[in-house]
Amino acid sequence: MKNSKVSDISITNQEIFDFVDSINNIIMNTDNILQNAIILPISSSLNNADAIQHNKENNRHTINFNLFANGEEKRPDFISLVFKFPGTFNLYDYMQSNADIKFLCIINSYTASLEYIDIEFKYHEPPQMLKSYKIKLEPGINKVEISIKDMNLEGLKQVSEICFVAWDRYINEVEGMFTIEDIKVK
């Protein structure tokens, strides 16, 4: 067995940093940030739970809504698709490999039934608002890119929910459909 010395290795510091960076990107830039999340379609109207329906296929979440489902006479104040993390989720770790890390997703407004949607990041238990972003939706594909570096660092260490909220004033039609897909940080 040959006794090797560190001086026998011809690797530069830059090569080491590049290798560590590539490993961090493989580990931290993942499409599976939601793999442990519990998905909850929520309507503010307790009598109208069917106002929002959710179907998941691969990395695509299809949301159908009918504001007057179940014969309800009043529109819900909001409908929301909530990704709830058991315990909490450490989004701060993703910043260790890239300080400019972004939350990305694609929202497809098929029926142009939504004008806006809020993406809310909540932390702690019970959930408290970390940051909310109002996203203008155009008919068709909307690529969403949110920088997480301006969020509270301590809050990022204990993210409890990521919510996609459509308030009543954002909804143009009584019935509609949209999808949320390719949710990741990168």
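Which strand holds T62? Select β3, residues 60–66: T62 sits there. Strands here are DSSP runs (E, at least two residues), numbered from the N terminus. This is a predicted model: local features need pLDDT of at least 70, side-chain atom pairs count only at pLDDT 80 or more, and totals for chains, interfaces and linings use all residues. Residues are numbered from 1 along each chain as its sequence is written, and side-chain values use heavy atoms, leaving out hydrogens and water.

Stay on T62. At 17% relative accessibility, T62 is buried (buried is under 20% relative accessible area, exposed over 50%, partly exposed in between; 1.4 Å probe, protein chains only). Show its contacts (heavy atoms within 4.5 Å). Leaving aside residues up to four places away in sequence, T62 touches Q53, H54, N55, M177, F178 and T179.

Next, select R60 and E181. Their side chains form a salt bridge, 3.2 Å from N to O (a side-chain nitrogen of Lys or Arg within 4 Å of a carboxyl oxygen of Asp or Glu). E181 lies in strand β10 (residues 175–185) and R60 in β3, so the pair ties together parts 121 residues apart in sequence. E181 is buried at 13%; R60 is partly exposed at 37%.

Move to R75 and D168. This salt bridge spans 2.5 Å, N to O. R75 is in the loop between β3 and β4 (78–89), D168 in the loop between β9 (159–167) and β10, so the pair links parts 93 residues apart in sequence. R75 is partly exposed at 25%, and D168 is partly exposed at 29%.

Last, pick K157 and E154: their side chains meet in a salt bridge at 3.3 Å, N to O. The count comes to ten salt bridges.

Notes. Helices (H or I, at least four residues) and strands (E, at least two) are DSSP runs, numbered from the N terminus.
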